Amino acid sequence: CRPSQGAALFVGVDSLLGHLAGALGRPTVSAFGPYADVHWAPRGPLVKVAHVDRPCRPCVKRGGPGEGGCRPGGISGCLEDLSFDTYVRPLIEDLLF
């Protein structure tokens, strides 16, 4: 079974599917929040990583649900601020056009 067979592009968050798509040579955009994409991002010649540059990345506020993050409720600001139009769309366009 090849989950990305025939796919023109994979767009998602840090996950196994992003790693598979990148390893299979598919154009891949993987969105990262507070964690160190330099260590954990999918690898491959057609892989792009979307993230918000912040001096606090990788995040030092870790914990369980509702305990980590820099915003109320344990939400990571770098995830909330990761807008599709600003950070993801340009990488898709770079890969496909």
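1. Helices, of type H or I with at least four residues, and strands, E with at least two, are taken here as DSSP runs and numbered from the N terminus. On that basis, the protein in this predicted model follows the pattern β-α-β-α-β-α-α when read along the sequence. It contains 4 helices and 3 strands.

2. The strands form an open sheet. The order of its 3 strands is E1-E2-E3, and their pairing is parallel. From one strand to the next, the twist averages 20 degrees.

3. The pairing of E1 with E2 may be examined in more detail.

4. Which strands does helix H4 lie across? Helix H4, made up of residues 84-96, lies across E1, E2 and E3. Relative to E3, helix H4 runs at about 165 degrees.

5. Some totals describe the protein as a whole. It has 97 residues, of which 34% are buried. Its accessible surface comes to about 6,100 Å², and carbon and sulfur atoms account for 59% of that area. Among contacts with a separation of 6 or more, 35% are between residues 24 or more positions apart.

6. Is Leu 17 buried, partly exposed or exposed? Its relative accessible area is 45%. Because buried means under 20% and exposed means over 50%, Leu 17 is classed as partly exposed.

7. Where does Ser 76 lie? Ser 76 is in the loop between strand E3 (47-50) and helix H3 (77-80). Ser 76 has a relative accessibility of 12% and therefore counts as buried, the cut-off being under 20%. With residues up to four places away in sequence left out of the count, Ser 76 touches Pro 34, Gly 69 and Cys 70.

Terms used. Residues are numbered from 1 along each chain as its sequence is written. This is a predicted model: local features need pLDDT of at least 70, side-chain atom pairs count only at pLDDT 80 or more; totals for chains, interfaces and linings use all residues. Side-chain values use heavy atoms; hydrogens and water are left out. Buried means under 20% relative accessible area, exposed over 50%, partly exposed in between (1.4 Å probe, protein chains only). Contact means heavy atoms within 4.5 Å. Accessible areas come from the Shrake-Rupley method with a 1.4 Å probe; for residues, only the protein chains shown count as cover. Two strands pair if DSSP finds at least two bridges between them. Axes are lines fitted to C-alpha atoms, for helices over the stretch in contact, and angles run from 0 to 180 degrees between N-to-C directions.
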